[in-house]
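Biologist: I'd like to learn how to read a model like this one. Could you walk me through it, feature by feature?

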Amino acid sequence: APGTELAAASRPGTGPGSADSAGGTLVYGHQQEPPCVHGGWIEQGYLSHQVLDALVSLDEDGQVVPWLATDWHESADHLTWTFTLQEGPTFSDGTPVDAQAVVDNIDYWLAGGNGTAQVWIGPYVDSARALDATTVEVALSQPYPRFAENLTQPYFGLQSPAALAERTAEENCRQPIGSGPFTVAAWNRGQNIVLDRRDDYDWAPANAAVQGPARVARVDWRFITDPTARTAALRSGEVDAIYDIQAFEWSALESEGYELHRYVTPGRPQQLSFNTSRGPFADERVRQAFAYSLDRESVVEAVGRGVIPYEGNGPVSRSTPAYSEEAAARYSYDPERARELLDDAGWEVGADGVRVKDGARLHIDFPYAINRTINQDGAAIIQGLQQYAEEVGFEVELIPFPPSAAAAGAYSGPEDYDVSIGYWTSVNAGILLVNWRQNLPDSPNPSNSAFYNDPALEATIREANSAVDPDGQDALYRQAQEYIADRALSIGVYDRLSTLAVGPHVDGIRQENSQGGPVFHDAHLVD
Amino acid sequence: MTPTSSTDTHPAGTTDPGRRRGALPDGTGPAAGRLGSRPSRPRTGPARLVTWTRRLGRWPGRLAAALLVMWGAVTVAFLAQLAQPGDRAAVILNLRTGQTQERTPAELAPVNAEYGFDAPPFEQYLSYLGGLLRGDLGVSYQQHRPVWDMIAEQLGATVALSLTALALAWVLMVAWVALTAGRSPRVRGLASTVEVFAASVPQYWLGVLLLLVFALELGWVPVVGGSGPAALVLPALTLAIPLAGFLGQATRAEFELALSRPFVLSARVRGMGDLGVRLRHVLRHAAIPPLTLSGWALGATVSGAVIVESVFNRNGIGRVLVSAIEAQDLPVATGIIVLIAALYVLVNLAVDALAALIDPRLKA
Amino acid sequence: MFALAAVAPGLLAPGSPESLDLGATLQAPSAAHWFGTDELGRDLYTRVVHGTGLSLLIGLGAAAVSLTLAVLLAAASALTGRILSGAADRTIEILFAFPTLLLALLLIATLGPSPLSLVLAVGVGTAPGYARIVRGQLLSARSSGYVEAATGLGHRRLRVVAAHILPNALRPLVGIFTMSIGQSIVWASSLAFLGLGVAPPSPEWGALLDAGRAYLTAAGWLVVVPGLVIAVLALAATTLGKHIQTRLETGR
Amino acid sequence: MTPELLTTTTPTGGGSGPAGSVRPGPPVGGPPDGLTGTGPARTGAEAPAGAQHSPAAAATGAPGGAPGTGAPRLRVENLHVGFRRDGELREIVHGLSFELHPGRCVAIVGESGSGKSVTARTLVGLPGHGAEVRAGALRLGDHDLLTAGERTWQRIRGAEIGFVLQDALVSLDPLRPVGAEIAEALRLHGVGPRAVRARRAVELLAAAGVPTPEVRARQRPGELSGGLRQRALIASAIALGPQVLIADEPTTALDVTVQAQVLRVFEQMKAAGESIILISHDLSVVAHLADEVLVMRGGHVVEQGPTAQVLARPAHPYTRALIRAVPSAATRGRRLSAGPDEADAASVRASGRAAIGARPERTSAPVGAPGPVGAQGPVGAQGPVGTPTEIVLEARELTRTFRGRRGRVHRAVDGVSFRLHRGEVLGIVGESGSGKSTTARIALGLESADSGTVTLLGHDWSALPERRRRALRSRISVVQQDPLSSFDPRWSVERILRDALSVRSSGSDSAGSNAAGSGGAGSGAADSGADPAGRSGAGPHAEVLRLLGLVGLAPEVAGRNPATLSGGQRQRVSIARALAPEPDVLVLDEAVSALDVSVQAQILDLLADLRRHLGTSCLFISHDLGVISHLSDRVLVMKDGRVVESGTPEQIFDAPAHPYTRTLVESLHTLDRSAAAATAPASARPH
Ligand SMILES: Nc1ncnc2c1ncn2[C@@H]1O[C@H](COP(=O)(O)OP(=O)(O)OP(=O)(O)O)[C@@H](O)[C@H]1O
Ligand SMILES: Nc1ncnc2c1ncn2[C@@H]1O[C@H](COP(=O)(O)OP(=O)(O)OP(=O)(O)O)[C@@H](O)[C@H]1O
Ligand SMILES: [Mg+2]
Ligand SMILES: [Mg+2]
């Protein structure tokens, strides 16, 4: 299972089909409120997964299993994929989920309707067409052996083509029409989203614990930003389950009898991307010195309290297939080495301990999107890192910026930072292409947060993405990771977690396997 | 916030000694007097007119002043937003796509055209003002919804919070001041220290502590109760305690002054008990300064709401405002500012009317 | 005490406010750590002491900005000719219609978060309130018996303003200034709470509070202590200010 | 509750009275307004009737000041009252005893601060914060007041003792209609439903002599004149028909006309058998009403006895001084202050003369010189009035309107004209709001007139722009009623006077900048450097001392802050400041109204001296006819902004022409007559 661990009293779904308590409202406390119910951000994916069904699903063993598509196969030349749909599913507006609907959605993704969906399939999918009512054929430009696996990510939830065509973007944002087990009944901004069960739902994915409609009548998806309040609300019974548990609460909640779920998100972990385009980190030695100066492991251990795993690998996390242990082992704490490298690079220790070169101080701007990509534990870890870096003569200015500023694109340009921290979830190492594709004038890649343009690296990654032999593919992915680690373009800090704490009255909440979001279809309330 | 001194107790522009004096000489003035050599002739013509415009004059004048304040507020808000760093079109694009990145001019051009950002600022300003006059606050960059809808959606929660807090503050303050004012020096010292302390307490800190004690430890009130009345208690209390301390300071000075007035003794010698005098006579006299401050305080609770709403996970204008300002969602931010200014103006008119009810001498 | 902490924090707390002790995170107050430790094992007592300087500086700076602005506006409103005075009056009213935090937010959004913009934001945010107070003082001084007496003696207006109106009206400002230091620190910490304060790991009190909030249930001292320190300082400053003010008013 | 109460207080058992005393029968008609019955049903319509029945009651009281013949309603024996502050006890009243019998009036007179009000408040159990009361006995009927608890007190107050507070003008809640205040007294003692109380309030107002009581009951104190307010207050005090009424300075601050009306109300009540404790420093009022007088000074009773005896043959020097200090037409030209003050005054005269002699002679620059001051004939109060001398200040047809409430145009000054000759005192008298102050302010150039002109020393004063006026400002100066507010609170007396001196030498604006050293070291004035006025010759400090000497203040006053001075001293500083520029005209606006009679006497004497020696012309404004007639050479009577009459005091007070003046003077005479009667031998008393 890609990184899915079930801590504490983890139970597989209690016996399927038991109609013991079909109904009730499940109250769930989430930490962030996205601008739309669907979209390219993981927070949107978590939501849309309750409402929009996808073609395929990922099971606990990392296998792609049927959902709306009962069957799929790759052509011999690996350039054509054919999906066969099950008959019967409908969108909640009544439109049937047929081949044309799938084609329309693929076109919608390709056109940028969902930024993340586009970066995953855009470079590979040429076109899609409906062969008949239940058969879709997708033509690729290059082999893309993990195409189906990628489609298990919640960004690929299907929407009613009628809704896409006829409703405004705002309406689809607020209340997308999918074929999922729930529909959006109401969105009280700042407060909650109410998801109502679709009683005629009968096309759950193959890995679902129960088939048929969801067992709870309603999910009250509350937004509780403050972690303390979230945990408190769980303890007081105001909510049945919460997302994102603080590390220091983990063992307490465990001993209090809450069911805890921990999922290490595959894809890019919480890593430091150095701005290689300008400033001190344009110099590889300075990047390496910075990396050596940090006792990342100790800081993460202290703050993470055994819950948050240390991650040495920058490009991908330990739960990602083709993870390179070797890349992860680079740059263990060695302040002496760091000092030597800085000396080498010409940064002399100044009067106040900060190194200087040509009159410029070794000043590092380190912005991070607090409460968006970085939670409170993350913020503490960053402060710990800062302390270590300053030991060897860096002057690190932490610039936490709020979620809405992040949404508005603050601190994203090459002039805005020297080092940045962030994650990018994905189901596999294909994320490398998203993050490391060159940022060129005619094909810009704003996701290349190191501002590092290297045709060789890109070529390796592209080769890996299209490698049909799984072992060969993994080797290429590892090679790319080590390449990045060698040059200290990005170093890992800790793995991003998707954690859930579930109260004693709820059974059957599970975490989706591609990204770790909660799945409420199987959940039910017990007395 | 701030004016911890009770010196400034006059309602805006009503009983302002200097101003009144300054305003008198014109109008009736020397000109009318010099017209005739016999000043005792019956008043006709100009004087009559003056009287009439005077009689009518109060309300139009105030309304004009109110409009002026609102216009000023709109302008300040507009300018502040213009002065913000970053390109508004880029912001809009990022908000639309959920991305956080820089944009190329080619990408920005259509957005600029769509929102009229390519027009000179003054033209933008005029068109914004025009929109306001039509009651159109624009459309949110973030949510692509009319600002009016967004505000309307959140207004109720904040207004309920503000009003509850204000009412609670008054209850706390009146009880506290009425019980402690004019007692022995030690009690007075303690009481006013408590007031100053209450007024000095950071709101969010208080909120967090209340949350910790009453919601987390004792479990008396819900942590995230949504919009029910139980969930209103702690947030309102959080706003009310500092406010009560603040109002208390202004009231106490006036209360003690009123207590020392002869009419208090005169009520006592009539056989009235101490508490009776305090509540029936003195309180009314001491009520004007805190009442005047309440107009401002209601505005200030909006400041408080920004904080309290995030401590208690309440929805409301405050949170919308903060996120709009952070995200440079200009129409939303300006819309809320206009609303707050309007609220301020309205409340102050109401306060003036109320003050005149409490102290009929103010009608003059 | 606060002054000492501000000027020479090292005397009261010899350690570094930022040194980590990853083996002793979130420790409750004890003999070794009077105020306990935070999530990175930093000693809260040391941090609070070392934060005094910056917190006070922000308070002082904001109070200075605020009162300077207030005096300018008030003087323009109370002592100048009709047009200027009207304009100043309106400006005060308009700014006054903005809740303090709103003005501060707008300013910080414009300037970007930093200690300096914090000072400016709080200063500008609180100025209209003080401007009204000062204006009231000026007006009452202007219409006072002694000003009339001086006019009656035939002194020039400028002299009357300089010798009587300004000194008498501005004298209470000493007290107000002290009071506003405390209030400014509270405001600054409110902004910190909204994530617009001084960036970590600075031990500025508002920042401490904000950071401690996440550990409320497990390490309440991280919130209680800085909040208490802020409130006590504000109380001390306000009380001192009031004291000064009454002393000045009673002419002693 | 009320009926019970009243039954217990109607003295039935002799226990409370002195042993073996024969209790006089209950006053005829019982409590005057007949509330003894079932309360609400009985209304006060009977009150006036009761009042008419009761002269008999008064008669049963011991006439001729022979107390102790019956059970007193109130017995006070060796009363001590002190205040504890910071642990330290300061005794204010030292051993005061008296008895109050039905239908009798005991008066307490004495200087300000002598403890009169404290005594009165003690009698209703409200002496004030931190008070400690000791007494041999303090009994009201059956109540031992020394041990009374708060609940007992609440029942006594209002119902058994009515209290009219000293500050009548501010003793009613300004926010509520007076009717509500009266009804409140009824409500507190459980009288009737609301409607009945409201009706009763109107009746009580009527009983207190308020015309159109229905209208007045709905008005707030601010809408009533002082006299009406005073009567409304009395109405609330007598609402429950208390047997004892304490009236603390019930007539101070009232116009004479109103004074007379208020006194009539008291007379009626006394006649109805009520006992009255009257506190006043106004001897004519006391003489009018009281049977017995206690003279207090510094908390001690210095003299006590039947009114006639005390006033006619005062035994104590203080009493004599007090009687002497009351100004009136009869005291014209006489010194009012006496005793040790006589010596003061002498020294003032001496130093004044010395000062005048010492300073360089002054030539009045702009005006045709009237010759040196010393050369001028004595223009005392006795001086010939009609002597044609130079006119220093002339007002012609002054008019000033104010915009009042709701845009109503209010004519504060309406065609006022007057002339002030050199060395003359022109008195302006008139009721409150008649425009006296506004006239003065226009004369001073501090207020502009709508029309009319003011001429100062031949200059068209009212038409000059302020810039040109400045040079002339030193020729006219003002002494205000409330001197404290006219001093910069930061400045010492020395600095205040130096500042005033600095404008003296200014024939031109720029003069006086040649500060000849700041020689006034040791004076305690910190900012001598700020003073631009260094006159050659005498240093500024010497000048300050000379001014202080002129107004009879010790040199050490120079270093003090006015806030720390007594009222009299402050007023003297204010006069010194006014004199500093050596003005030709001095405007005194109610300059003595706020002062205690004895201090007032000192100031009036000082003014008389100064005028005699400096020859300054005075515009003297007061609502006190006594003061005016004591001091003025000519009098202007104002009413509603107009001058209704003018002439010499003799003309005005002996043969008033205008109806308003007539009522004014009549009331004055009533009081004078009773005062005269009181001071006459007891056998000659008219009653
Ligand atoms: N509550 C109090 N605490 C302390 N001292 C008091 C208090 N009330 C009055 N005194 C003092 O008692 C003294 C007597 O005051 P009181 O008011 O009785 O004077 P008075 O004779 O009525 O004077 P006036 O003629 O001015 O009314 C004054 O020195 C006053 O300061
Ligand atoms: N600045 C002003 N604005 C409005 N009305 C005024 C002003 N000054 C005086 N008045 C009104 O003019 C009238 C005359 O006032 P003024 O002070 O001259 O009376 P006065 O005779 O001195 O009375 P008092 O004996 O009470 O001092 C009053 O009705 C007063 O209310
Ligand atoms: Mg008194
Ligand atoms: Mg007057």
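**Reading the site around ligand 2**

Modeller: The largest share of the shell around ligand 2 comes from α15(D), with three residues. Keep in mind that this is a predicted model.

Biologist: Which elements of chain D each supply at least two residues of that shell?

Modeller: Two do: β13 (409-421) and α15 (436-444).

Biologist: And which residues come nearest to ligand 2?

Modeller: The shell counts residues with a heavy atom within 4 Å. There are 13 residues around ligand 2, and the nearest are S432(D), G433(D), K436(D), S437(D) and T438(D).

Biologist: Why is the site called shared between chains?

Modeller: Because the residues that surround ligand 2 come from chains B and D.

Biologist: How much of ligand 2 does the protein cover?

Modeller: On its own, ligand 2 has 630 Å² of accessible area, and the protein covers 66% of that.

**Reading strands and sheets**

Biologist: Now strands. What's the general idea?

Modeller: In a regular strand, side chains alternate between the two faces of the sheet. After that, look at the order and the direction of pairing. Chain A has an open sheet of three strands in the order β20-β14-β21, with antiparallel pairing.

Biologist: Which strands are at the edge?

Modeller: β20 (419-425) and β21 (490-494) of chain A, since each pairs on one side only. Neighbouring strands of this sheet are turned by 35° against each other on average, ignoring direction.

Biologist: How many bridges join β14(A) to β20(A)?

Modeller: Six, between antiparallel strands, with β14 spanning residues 267-274 of chain A. To find one on screen, pick Q271(A): its bridge partner in β20(A) is G422(A).

Biologist: What do β5(D) and β6(D) form?

Modeller: A hairpin, with two residues between the strands. In the turn, G141(D) has a positive phi of about 55°.

**Reading record features**

Biologist: How do I use a database feature alongside the model?

Modeller: Take the span from the record, then check what the model shows there. For chain B, the unreviewed UniProt entry lists "transmembrane region" at several spans, including 194-216 and 288-312. Residues 194-216 of chain B are 91% helix and 0% strand, with end C-alpha atoms 26 Å apart. Over 288-312 of chain B, the chain is 96% helix and 0% strand, and the end C-alpha atoms are 32 Å apart.

Biologist: Where does UniProt place the "domain: ABC transmembrane type-1" feature?

Modeller: At residues 52-241 of chain C, again from an unreviewed entry. That span is 82% helix and 0% strand, and its end C-alpha atoms lie 19 Å apart.

Terms used
Residues are numbered from 1 along each chain as its sequence is written. Chains are lettered from A and ligands numbered from 1 in the order in which they are written. This is a predicted model: local features need pLDDT of at least 70, side-chain atom pairs count only at pLDDT 80 or more; totals for chains, interfaces and linings use all residues. Side-chain values use heavy atoms; hydrogens and water are left out. UniProt positions are given in the numbering used here, feature names are shortened, and annotations may be inferred rather than shown by experiment. Helices (H or I, at least four residues) and strands (E, at least two) are DSSP runs, numbered from the N terminus. Accessible areas come from the Shrake-Rupley method with a 1.4 Å probe; for residues, only the protein chains shown count as cover. Two strands pair if DSSP finds at least two bridges between them. Axes are lines fitted to C-alpha atoms, for helices over the stretch in contact, and angles run from 0 to 180 degrees between N-to-C directions.
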